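Me: Hi! Could you walk me through some helix packing in this one?
Reply: Happy to, have a look here.

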Amino acid sequence: MLTRSNLPAAAPGQDDPNLKPGPGSDQTITGKRIYLAAGSGIPEIKTILSGFVIPHFLDFKVLFIKAIGAVFAVATGMCLGKEGPFVHISTCVAYLVGSVLPKYRENGRKMRELLSAGCSSGLSVAFGAPIGGVLFSYEASLFKCLPEISTYFPRKVLWRAFFCSLWAAMILKALNPTGTGKLALYETKYGTSYSAIHYLVFVLLGVAGGLWGGIFCKCNFLWSRSFRQLKIIKNHPVFEVFLVVLATGLLQYPNPMTREPGDKIIKNLLQDCRSSNDSWVCRHEVMESRPGYIGWLIYGTLVKLILTIITFGCKVPSGIIIPALDAGAFFGRLIGQWITDISPGIFAMVGAAAFLAGVSRMTISLCVIMFELTGELEYIVPHMIAILIAKWVADGLEKEGVYDLAQTVLGHPFLDPDHSVMLVQSERALVEEIIPPKQTMDDITVHVPTDNLVPRPILESKLAKLKARGLLDAGLVLVQDGMLQGYLAEGELDFGLTELGAVFDRSCKVRLLGQAGEDGEFDLSSFVDRTPLSICAKAPMEYAVELFGKLGLRHLCVTEEGSGKLVGVIIKKRLVVWLEGLQHKRG
């Protein structure tokens with residue numbers, strides 16, 4: 001509640017379910033409510049790295065509340081993990097450090113590089129897997145949000161992320177939070193290998209993981225769009241948390257295996273009972289008749305599915321990885337009860353990876369993470385089989401993974417170039433369909449006279465209209481005789497009028513184009529982008545999608561075919577809203 005904030009909604013989401021703009025629609029974008037310290041933080045970080053702005057999301061206040069809240073949220077025993085909050089916390093640290101250094105504070109691209117490296121270190125600490133953390137960050141599209149990836153990612157961001165993960169792992173080992181002195185959180189030593197016949201079991205685990213992940217993604221999305229839209233839940237998120245905690249206690253306490261925290265559950269289910277029989281799991285596995293024990297394994301798998309569906313997305317710091325690993329370990333241990341030649345912990349380990357793959361759609365990074373978590377390099381091939389099968393099955397049920405769906409539910413704008421291009425290719429739409437209406441263009445257009453001086457009251461009036469729209473990354477387009485001359489972003493205009501303009505008269509004129517004239521002239525020409533990218537109004541829509549996606553643009557000017565005169569300006573959020581409307585139109 002302490003980090004509650006109101007933001008403009010750029011796409012249909014949790015707080016604007018009736019917003020379904022279609023092609024060419026000028027439906028007003030309504031505001032949305034956001035709790036900055038709630039959830040995993042990964043969808044928001046993807047949004048920030050793609051070039052959008054979420055004010056105060058990385059502030060120290062959010063960092064502090066997220067850290068404290070994550071401790072209490074995990075301690076409640078709810079079906080949530082700490083890996084998402086760790087990502088958010090580490091990104092906040094990276095942002096706060098970068099804000100002190102002018103090199104990063106004054107350069108948005110370099111700041112996003114720093115934030116990306118911070119993401120990987122957070123995942124490395126959460127998993128105790130430095131290499132897997134870097135790969136997971138990349139595969140989860142945290143790095144792929146960076147528009148410049150094709151030119152500088154391999155050398156710059158990757159090795160910097162690796163360097164951050166290295167130091168995170170060194171400090172984690174020095175602090176030794178687990179008391180074992182090792183990075184591997186769930187170290188196992190099964191001492192046995194698998195045979196070719198077991199590949200069928202690994203395929204079965206992959207199918208089950210894909211089904212579990214696909215069902216979870218669909219049900220959690222529907223739960224967020226239905227139950228969480230009830231007025232009492234929407235306006236009183238603490239009441240929802242109370243209901244979730246109550247349901248968690250009532251459903252998990254009867255099962256002796258689900259009374260422990262999530263990471264302890266995984267450790268119990270992965271153990272090899274041939275080397276130790278002190279735990280509750282091992283004591284029941286040595287019994288000749290164990291229908292009750294098998295029943296608890298089935299119960300644990302189903303309860304984890306139900307509770308994870310209703311827990312993920314509630315207004316507490318939470319992640320999805322630990323609950324998915326728990327459910328997979330339950331199911332894998334269950335299957336292992338009928339296979340006596342090798343330890344059932346092996347199937348619990350592979351099942352955990354399969355279920356997580358079904359939820360997150362990660363592949364390569366999961367293999368690395370699992371052997372870093374367990375120290376079992378021998379079982380890379382089983383993991384590969386189960387993870388690939390799980391991803392294929394889950395993709396058949398639901399094309400988007402949990403983080404992509406969460407981004408949609410929350411209403412955060414994010415442009416996936418590949419998906420968007422496929423979406424518009426069969427539509428045969430032209431760029432002119434998303435040109436803003438005349439009223440909007442009048443508000444954001446500045447007709448610069450031949451002397452290149454514009455009265456300050458006009459700019460202040462247009463700045464007020466930009467702020468009223470609440471889009472944060474809009475701006476003014478400068479024209480002379482209908483021809484495009486430049487683009488002045490809202491942030492630069494606000495800074496110029498507020499900070500630099502403090503020493504000038506309120507009725508003075510402001511230079512926007514050309515060379516500075518008299519000394520003491522109010523000159524903002526250095527803030528103007530004189531070469532904004534433009535596109536013809538009759539160009540196919542996929543051209544605009546490619547430009548926004550691959551070049552990382554925030555705005556794109558539209559010119560008239562033949563004359564080259566300016567007819568509109570498209571900001572990235574408007575394109576995202578149009579694509580969302582097209583998606584809704586297709587059902």
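Reply: Helices (H or I, at least four residues) and strands (E, at least two) are DSSP runs, numbered from the N terminus. This is a predicted model, where local features need pLDDT of at least 70, side-chain atom pairs count only at pLDDT 80 or more, and totals for chains, interfaces and linings use all residues. Residues are numbered from 1 along each chain as its sequence is written, and side-chain values use heavy atoms, with hydrogens and water left out.

Me: Great. In which hand does helix 2 pass helix 3?
Reply: The crossing is left-handed. Helix 2 covers residues 60–75 and helix 3 covers residues 83–100, and they pack at an angle of about 155° with axes 9 Å apart. That makes helix 2 roughly antiparallel to helix 3. For the terms, axes are lines fitted to C-alpha atoms, for helices over the stretch in contact, and angles run from 0 to 180 degrees between N-to-C directions. Angles under 35 degrees count as roughly parallel, over 145 as roughly antiparallel, 65 to 115 as roughly perpendicular and the rest as oblique.

Me: Which residues of helix 2 and helix 3 meet?
Reply: From helix 2 there are Phe 60, Val 62, Leu 63, Lys 66, Ala 67 and Ala 70, and they meet Pro 85, His 88, Ile 89, Cys 92, Val 93 and Leu 96 of helix 3. Contact means heavy atoms within 4.5 Å. By class, this contact of helix 2 with helix 3 has 10 nonpolar, 1 polar and 1 charged residues. Here Ala, Val, Leu, Ile, Met, Phe, Trp, Tyr, Cys and Pro count as nonpolar, Asp, Glu, Lys and Arg as charged, and the others, Gly among them, as polar.

Me: And what comes in the loop between helix 1 and helix 2?
Reply: His 56 lies in that loop, with helix 1 being 42–49. The phi of His 56 is near 70°, a positive value in a residue other than glycine.

Me: New topic: at what angle do helix 6 and helix 16 pack?
Reply: About 160°, with axes 8 Å apart; helix 6 is residues 130–139 and helix 16 is residues 364–374. Helix 6 and helix 16 are therefore roughly antiparallel to each other, and their crossing is left-handed.

Me: What meets what there?
Reply: Pro 130, Ile 131, Gly 132, Leu 135, Phe 136 and Glu 139 of helix 6 meet Ile 364, Ser 365, Val 368, Ile 369 and Glu 372 of helix 16. The residues in the contact of helix 6 with helix 16 divide into 7 nonpolar, 2 polar and 2 charged.

Me: Now helix 8 and helix 17, how do they pack?
Reply: Their angle is about 35° and their axes are 7 Å apart, and the crossing of helix 8 and helix 17 is right-handed. The helix 8 side includes Tyr 199, Phe 202 and Gly 206, while the helix 17 side includes Val 381, Pro 382 and Ile 385. By class, the contact of helix 8 with helix 17 has 15 nonpolar, 4 polar and 1 charged residues.

Me: Which residues of helix 17 are buried?
Reply: Ile 380, Pro 382, His 383, Ala 386, Ile 387, Ile 389, Ala 390 and Ala 394 are. Buried means under 20% relative accessible area, exposed over 50%, partly exposed in between (1.4 Å probe, protein chains only). The buried residues of helix 17 pack against helix 8 (198–226), helix 15 and helix 16.

Me: What about Cys 217, buried or exposed?
Reply: Cys 217 is buried, with a relative accessible area of 2%, and this residue is found in helix 8. Cys 217 and Ala 394 are 177 residues apart in sequence and 9.0 Å apart in space, C-alpha to C-alpha. Leaving out residues up to four places away in sequence, Cys 217 touches Val 359, Arg 361, Glu 398, Glu 400, Gly 401, Val 402 and Leu 405.

Me: Where does Arg 361 come, relative to helix 15?
Reply: Just after helix 15, with a positive phi of about 65°. As for helix 15 (residues 344–360), 17 of its 17 residues are buried, so helix 15 is largely enclosed by the rest of the structure.

Key
Left-handed = near helix turned anticlockwise from the far one by under 90°. Expected span 1.5 Å × (residues − 1).
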